[in-house]
Amino acid sequence: MAYSSSLFSPVCFNPNPNPKASPLSHKPTRRTLSVSAIPLLSTATEVAAAAAAAPLDAATLAVIGGGSVAAFAAVLSLSDPEKRRQVQAEEVGGGDKEVVREYFNNNGFQRWRKIYGETDEVNRVQMDIRIGHSKTVENVMQMLTDDGPLKGVTVCDAGCGTGCLSIPLAKQGAVVLASDISAAMVAEAEKQAREELLSGKDELSPVPVLPKFEVKDLESLDGKYDTVVCLDVLIHYPQSKADGMIAHLASLAENRLLISFAPKTVYYDLLKRVGELFPGPSKATRAYLHAEADVERALQKVGWKIRKRGLITTQFYFAKLIEAVPA
């Protein structure tokens, strides 16, 4: 996945950091992450123009400047995203899970395959999200390899998308179970894995072990793995369900659990509402933000603790990334 490292400035992951301290307050150490500064858009007009040029769905969270947020605050009440979500659920005959499955097998698949891919046929917002997601994958790989080689390590990539993480894991020798709720995503991930891992191999080179791909939602995952990774999936679960998902994922992991999620703060929550004013022509999925304290409490309930944490942001992408281990 291509990205421009020149866009980023250093932020570090620290073991057992002060939970009240911002990740930006730590001095860089060996566990340095690269994340971008957030450029400010100074007026509501600029925000509206950006949204009109590149429509956002509810899973695409725009990070914009404080002045613009203030300008939009007065009109947030005019949007009715909940009504739009109810209509979506009725159309597919179910709730959040059915909406997510339908979206990522159709319009969402086409949209996110481009974002996660390498095509130049993406707009400015989509390219920015590609960069942000790529940095999250890069940071996950760094965290996983910090503790030693991945050869033979079993990893469950829960919500694998098009294989952005599963393929690099396989290249490092990990034994990967890759799953996603979307059959279209799984088919694309398997196609890309075969192209990247098997093409051009000669007889003297070891053949990488292809990930095992399955169409499953998070609730259906089973088995035991050294490490479980779940990136940018909790955005589809309200906190009441996210607690159960976190507990289930922890039950599958023997040593490590890595999760990324959109952090819930007053500021980010308001930004999400601004983004919902510009849903674009394609159907949007319901988007949920999660407070880091709530995620941490869910882990503590099942006997896990956070060992590392950090924040990855670009202009239109932001994610909290944590690594949890048995307490």
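**View 1. Strand 8 and strand 9 run antiparallel in this predicted model.** Nine bridges join strand 8 (residues 304-313) to strand 9. The two strands form a hairpin, with four residues between them. For a pair to zoom in on, take lysine 308, whose bridge partner in strand 9 is glutamate 323.

**View 2. Strand 9 also pairs with strand 7 (residues 253-261).** Here the sense is antiparallel again, over five bridges. Look for isoleucine 259, which stands opposite isoleucine 322 in strand 9. Strand 9 covers residues 318-326, and eight of its nine residues are buried, so the rest of the structure largely encloses it.

**View 3. Histidine 290 sits in a loop between two helices.** Those helices are helix 10 (266-276) and helix 11 (292-301). Histidine 290 has a relative accessibility of 1%, and because buried means under 20%, it counts as buried. Setting aside neighbours within four places in sequence, the residues in contact with histidine 290 include Leu234, Ile235, Tyr237, Pro238 and Gln239. Phe261, Ala262, Pro263 and Lys264 are also among its contacts, as is Val295.

**View 4. Helix 9 (residues 239-252) packs against helix 11.** Their axes lie 9 Å apart, at an angle of about 40°. The crossing of helix 9 past helix 11 is right-handed. Helix 9 brings Gln239, Asp243 and Ile246 to the contact, while helix 11 brings Asp294, Val295, Ala298 and Leu299. By type, the contact residues split into four nonpolar, one polar and two charged.

Conventions:
Residues are numbered from 1 along each chain as its sequence is written. This is a predicted model: local features need pLDDT of at least 70, side-chain atom pairs count only at pLDDT 80 or more; totals for chains, interfaces and linings use all residues. Side-chain values use heavy atoms; hydrogens and water are left out. Buried means under 20% relative accessible area, exposed over 50%, partly exposed in between (1.4 Å probe, protein chains only). Two strands pair if DSSP finds at least two bridges between them. Contact means heavy atoms within 4.5 Å. Axes are lines fitted to C-alpha atoms, for helices over the stretch in contact, and angles run from 0 to 180 degrees between N-to-C directions. A crossing is left-handed if the near helix is turned anticlockwise from the far one by less than a right angle, and right-handed if clockwise. Ala, Val, Leu, Ile, Met, Phe, Trp, Tyr, Cys and Pro count as nonpolar, Asp, Glu, Lys and Arg as charged, and the others, Gly among them, as polar.
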